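Colleague: I am new to this structure and would like to learn how to read the arrangement of its helices and strands. Could you take me through it step by step?

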Amino acid sequence: MERRMQVAVDCADPHRLARFWAEVLGYVVQDPPDGHASWAEFSRAEGGPGEAWCAVVDPHGTGPRVLFHSVPEPKAGKNRLHLDVKIGRQHVDTEAVRLVSLGATHVRTVEDAQDYFAVMRDPEGNEFCLC
């Protein structure tokens, strides 16, 4: 049995977060499902009023799809799950600066004998690490 994984992210603004994460991951915003001119149209048709979805995909087809889904409540507290974006130690600082310019927040950089990584938050406060 084949198993594939999709990462789903609850958020306030799926389109904004999809564009941000496409930049972080080197992904592209996925075209809306067949028969729909936009993600907004698809969301209304499938989920009803107030629903909003958008997804990003790996253009090479190897990484998991990431789906962003609107929810009415704001983020509360620390993530129970976060993404580690592995870019190589030598790129961490430069990439952190670039992502801040796109709306991320740099929380801190950690360096010890084994690791060097930056703890970040996306535009909606979801934690992730650049390592």
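Predicted model: local features only at pLDDT ≥ 70, side-chain atom pairs only at ≥ 80, totals over all residues.

Colleague: In what order do the strands of the open sheet stand, and what is the pairing?

Modeller: The four strands of this open sheet are arranged in the order S1-S4-S3-S2, and their pairing is mixed. Strand S1 (6-11) and strand S2 (28-29) each have a single partner strand and stand at the edges, so one side of each is left without a neighbour in the sheet.

Colleague: Which strands does helix H2 lie across?

Modeller: Helix H2 (residues 39-47) lies across strand S3 (53-57) and S4, and runs at about 125 degrees to S3.

Colleague: How should I read the crossing of H1 and H3: is it left-handed or right-handed?

Modeller: Begin with the angle: the axes of helix H1 (residues 14-25) and helix H3 (residues 92-101) come within 11 Å and cross at roughly 165 degrees. An angle over 145 counts as roughly antiparallel, and H1 and H3 are therefore roughly antiparallel to each other. Their crossing is right-handed.

Colleague: Which residues meet where H1 is in contact with H3?

Modeller: From H1, Phe20, Glu23 and Val24 meet Glu95, Arg98 and Leu99 in H3. Sorted by class, this contact of H1 with H3 has three nonpolar and three charged residues, with no polar ones.

Technical notes. Residues numbered from 1 in each chain as written. Heavy atoms only, no water. Axes fitted to C-alpha atoms, helices over the stretch in contact; angles between N-to-C directions. Helix = DSSP H or I, 4+ residues; strand = E, 2+ residues; numbered from the N terminus. Parallel < 35°, antiparallel > 145°, perpendicular 65-115°, else oblique. Left-handed = near helix turned anticlockwise from the far one by under 90°. Contact = heavy atoms within 4.5 Å. Nonpolar A, V, L, I, M, F, W, Y, C, P; charged D, E, K, R; others polar. Pairing = 2+ DSSP bridges.
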